[in-house]
Amino acid sequence: MSVQSAIKRKTAPDIRARKNGEPIVMLTSYHAHTAALVDRYCDVILVGDSLGNVMHGFETTVPVTLEMMILQGRAVMRGSQHALVVVDMPFGSYEASKEQAFHSAVRILKETHCGAVKLEGGARMAETIAFLSERGVPVMGHIGLTPQSINTLGSFRAQGRDEASWEPILNDARAISEAGAFSVVIEAVAEPLARKITQAIAIPTIGIGASAACDGQVLVLEDMLGLSPRTPKFVRRYGNLGPAIEAAIESYATDVRSRAFPGPEHVYEMKANKG
């Protein structure tokens, strides 16, 4: 009889149980070293397909592949110990059928050892979410502004700013909750609507440009640190490292060109001759 060690990380059921409780703290990470820092303070680490923008300079998340998500998911799992790690399912890896979604999700779980996957879409993805949940795949939903749909949306604009447009978004939230998702990200949605969704569904809501009434919040780490060239309205910068990093690079280049670096303390001397 095998003996399995207890799970030390937070799990999807742990996060699901936080509905109406202590706010859930979530940030993105794509690397082992940033994951180690984020892990000290966050309940959930999202390996977001925003890595396409942040790491690769893509204009959208559409070009991101399953292999890219798995590679960075592995890195984040190696760097973290306590937070639930959720890996985004990239565009094209789950929309064709619920079976395609299952095979993609299984690859992510097996090859990264993460605790859950996230996919975009509301009512249209409910059947897929139910299919995955019934087969042991914890799913985080994502509604409101869905970046993978940028080619049909046309722009990254906030949703639900006209009350007449609320009902489809509310229906999306209800459908995801009833399908078995353990939580849902609400992105760039008018504050009163995000608040109403949070009150209306049984699973935790995690806001990004939504409402302080959500059960948790998420930001892209590079946005909050001031490393992104453009900062969305919904981001509060908790640092402004961009200018400091540029100044450090400039100083390094100046020192190399003037031969001030490396100095004697940065190079290796010959061993003393003992003979």
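Modeller: Let's begin with a term: a salt bridge is a side-chain nitrogen of Lys or Arg within 4 Å of a carboxyl oxygen of Asp or Glu. Keep in mind that this is a predicted model.

Biologist: Thanks! How many salt bridges does that rule give?

Modeller: The count comes to 12. In general, side chains of opposite charge can pair when their charged atoms come close. Here, arginine 195 and glutamate 191 meet with N and O 2.8 Å apart.

Biologist: Where do arginine 195 and glutamate 191 sit relative to each other?

Modeller: Both belong to helix H9, and because they are four residues apart, about one helical turn separates them. Arginine 195 is partly exposed at 36% relative accessibility, and glutamate 191 is partly exposed at 31%. Elsewhere, salt bridges with shared partners link Glu67, Arg74, Arg107 and Glu111 into one network.

Biologist: Which parts does the salt bridge between lysine 10 and aspartate 43 tie together?

Modeller: The closest N and O atoms of lysine 10 and aspartate 43 are 3.8 Å apart. Lysine 10 lies in the segment before helix H1 and aspartate 43 in the loop between helix H2 and strand E2, so the pair ties together parts 33 residues apart in sequence.

Biologist: What about lysine 98 and glutamate 127?

Modeller: Their side chains form a salt bridge too, at 3.5 Å from N to O. Lysine 98 is in helix H5 and glutamate 127 in helix H6, so this pair ties together parts 29 residues apart in sequence.

Key:
Residues are numbered from 1 along each chain as its sequence is written. This is a predicted model: local features need pLDDT of at least 70, side-chain atom pairs count only at pLDDT 80 or more; totals for chains, interfaces and linings use all residues. Side-chain values use heavy atoms; hydrogens and water are left out. Helices (H or I, at least four residues) and strands (E, at least two) are DSSP runs, numbered from the N terminus. Buried means under 20% relative accessible area, exposed over 50%, partly exposed in between (1.4 Å probe, protein chains only).
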